[in-house]
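Please keep the sequence and the model in view while reading.

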Amino acid sequence: SRGLRRLLCLPERRRLILRGLAGAVAVSSSIEEELIAAGVPAAKIRRIPFGVNLARFRPVDPDRRRVLRQKLGVRWNQVLLFVGEISARKRPHWLLPALQTLRDRGRDVGLLLVGPVKDVAYWEQLKIKAAKLCVSDKIEWKGFSREIWEYYNVADLFVLPSENEGLPNAMLEALASGVPAVCSNVSGCLDVLGDGACGRVI
C-alpha cells in the first residue's frame, strides 16, 4: 500500500501510465479506491485478497498448545502476539501502555514480538519506554522465525497497530490459526474484521 501511495504521488506523466494499465489487482477495498481515484477504470480492477496455507496455519488442540508453550518458553498466563518488522511504521510501541494497564489490573499477560528489527534506533527507544512503564518483563523479542505458525498457536490475541498496510498477511495467518485479532484501522483490516466476528478494528 505504501508503494502504491508513492506511485500515486508521482508526476502526472507516470500517473497516465498507471491509468493505461490493462488491469490492476487490489488486495483491499481501500487500495481499490486509491486506484480509482488515480484514474484507473473500476472495470479494470479486480479484488483478490491474499490467501493462507491452511495446512500450516490452523488451530491446535490444548495438549499441543501446552507442548508449544513449553518449547517457546512462554511464561505468562495469556499472550499477546505481534508479528512483523520492528519499526516505527508498525508501531509496536502503542502496545506498551496496554501492557501497563493489564499489569496494573493484576493480569498475567505478556507480549511476544516476532520479527526482525528493521530500525535499531527505534528498537532501543522502545526498550527505554518499556523500562519507564515497568513492563520490560512483560515483553519478549523472538526475532525472525521460520516456524512462525508455532507462535500463533500459543497466542491468545493477535495485535497489529500499524500505521499502514496493504492486507496484513500476519493478521490472516492469526485468524486461520484460530486467534482473534485487534488491529488499527488501516487498509485490509476493516475488510476482514469489520463485522466484529473474529476481532476488532481500533
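A polar contact is a pair of N or O atoms within 3.5 Å; within protein, one atom must be able to donate a hydrogen and the other to accept it, and residues adjacent in sequence count only if both atoms are side-chain atoms. Helices (H or I, at least four residues) and strands (E, at least two) are DSSP runs, numbered from the N terminus. The model is predicted: local features need pLDDT of at least 70, side-chain atom pairs count only at pLDDT 80 or more, and totals for chains, interfaces and linings use all residues. Residues are numbered from 1 along each chain as its sequence is written, and side-chain values use heavy atoms, leaving out hydrogens and water.

At the start of helix α4 (residues 62–71), a side-chain oxygen of Asp61 comes to within 3.1 Å of the backbone nitrogen of Asp63. After α4 comes Gly73, with a positive phi near 70°.

Most residues other than glycine have a negative phi. Arg91, which is not a glycine, has a positive phi of about 55°; Arg91 is found in the loop between β3 (78–83) and α5 (95–104). Cys134, in the loop between α6 and β5, likewise has a positive phi, near 60°.

Strands β4 (residues 109–114) and β5 (residues 139–143) pair in the parallel sense over four bridges; pairing requires that DSSP find at least two bridges. Val114 has Gly143 in β5 as its bridge partner.

Phe158 contacts (heavy atoms within 4.5 Å) several residues beyond four places away in sequence, including Leu81, Val83, Tyr152 and Met171.
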